[in-house]
Amino acid sequence: MLTLTPDKSKDTPPLPESNADLARESSVELTLDGPLAIPDKAITLLRVKTGHFTLNVSINTLRKADRLVVTFMGQRAGGKDAVNSRRPMFARRNWDVLFGAPILAISDPQVEVDWQDTAARTGFYMGTFKEDLVPEILALVNKVCDELGISRDKVVMYGGSAGGAAAILTGSRRREATGIIAVCPLLRPDKYRERVVAAAARAAGGEIADWQRMCKEQPWRNTPLKALRDGLNEGHDVRLVVAQNVRDQFTINRHFPGLWRRFELDPEGGVSRSGRVMAVLYDAVEASPDHEPPEFSTALVRLAYEFFDKPLEPDAGTLEDVELD
């Protein structure tokens, strides 16, 4: 059994109350070909043309460190007409006290458009059915690493719920060493709420049938468990920590079993035989559906960093494509 214990230390600094922030996009559009000119000791909004997409990002350089933390937004509230519903939204962009490192917070461009639906928004950072967003995100991550003088193999990706799914989908396709922290992640597309999938499919330029076709033909784009499997089998240096709230009935019953079954984990927490995947449980009564409560945050990040930095035992081999029933 592997569980998190709430942090009651008086020495732990207070963490921000909000897990997400809305912001106005920058009026200046940069490109990956030119310098980003990231200021030191600041939280800076940038708008970067990365290829087919233009990404709104927030870069926090208040703390220097030898790693970069990349954060992904989970579900955000729906709304047809409100201006705020189409503004960039960033996950934990000012949580440098917790991460102890520079933070690259990325807003999903597909939830900055008019969805014509009041359903909760989550685009999973996959882009559109025609254009894949992930390679452009990975190019931006490397660009930020280079400008901040951080080694490209010292990247940690963080997200909760749908943001956790996005962190896995993105991090699994990165060839450089990447640590992923996913809190109560959505792992199985067949278990997502149909209305949310339908809205996301429309925003991606298609319908539910296109989403289902992607699950079969390009699972690395919208199926986190298969994306991780494929990345590991291709030799990508990925390590994943999943933190699961035992009281979150939706994810622990519908999504978490897929993780421990596929990667030969103890359902009560532990490390996979390959040493690449860790599951840790926590018990939070009044928890956000998207993030662990602050009293568990320090313990989670400490555990994850130690796991990512620990020398890896010889790999146990490739992963079988098991059915998820």
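Predicted model: local features only at pLDDT ≥ 70, side-chain atom pairs only at ≥ 80, totals over all residues.
**Stop 1: the largest core**

Start by selecting Val70, Leu104, Val141, Leu240 and Leu259. These residues touch the most other members of the largest nonpolar core, which has 49 residues. Now colour helix H2, residues 134-148: seven residues of this core come from helix H2, the largest share.

Next, centre the view on Leu104. Which residues is Leu104 in contact with, leaving aside its neighbours within four places in sequence? Select Val57, Ser58 and Ile59, then Leu68, Val69, Val70 and Thr71, and finally Val141 and Val144 to see them.

**Stop 2**

Show the side chains of Glu292 and Arg92, which meet in a salt bridge with an N to O distance of 2.7 Å. Where in the chain do Glu292 and Arg92 lie? Glu292 sits in the loop between strand E12 (277-282) and helix H10 (294-309), while Arg92 sits in the loop between strand E6 (89-91) and helix H1 (96-99), so the pair ties together parts that are 200 residues apart in sequence. Are Glu292 and Arg92 buried or exposed? Both residues are buried.

**Stop 3: a salt bridge within a helix**

Move on to helix H5, residues 208-217, and select Asp210 and Arg213. Their side chains meet in a salt bridge, 2.8 Å from N to O. About one helical turn separates Asp210 and Arg213, because they are three residues apart in helix H5. Asp210 counts as partly exposed, with a relative accessibility of 25%; Arg213 is also partly exposed, at 40%.

**Stop 4: a salt bridge between two loops**

Now select Arg276 and Asp237, which form a salt bridge with their closest N and O atoms 2.7 Å apart. Arg276 belongs to the loop between strands E11 (270-271) and E12, and Asp237 to the loop between helix H7 (224-233) and strand E10 (238-245), so this pair ties together parts that are 39 residues apart in sequence. Arg276 is buried, its relative accessible area being 11%, whereas Asp237 is partly exposed at 29%.

**Last stop: a network**

Finish by showing Arg67, Lys154 and Asp309 together. A network of salt bridges links these three residues.

Notes:
Residues numbered from 1 in each chain as written. Heavy atoms only, no water. Core = buried A, V, L, I, M, F, W, Y, C linked by side-chain atoms within 4.5 Å. Buried < 20%, exposed > 50% of the residue type's maximum accessible area, 1.4 Å probe, protein only. Helix = DSSP H or I, 4+ residues; strand = E, 2+ residues; numbered from the N terminus. Contact = heavy atoms within 4.5 Å. Salt bridge = Lys/Arg side-chain N within 4 Å of Asp/Glu carboxyl O.
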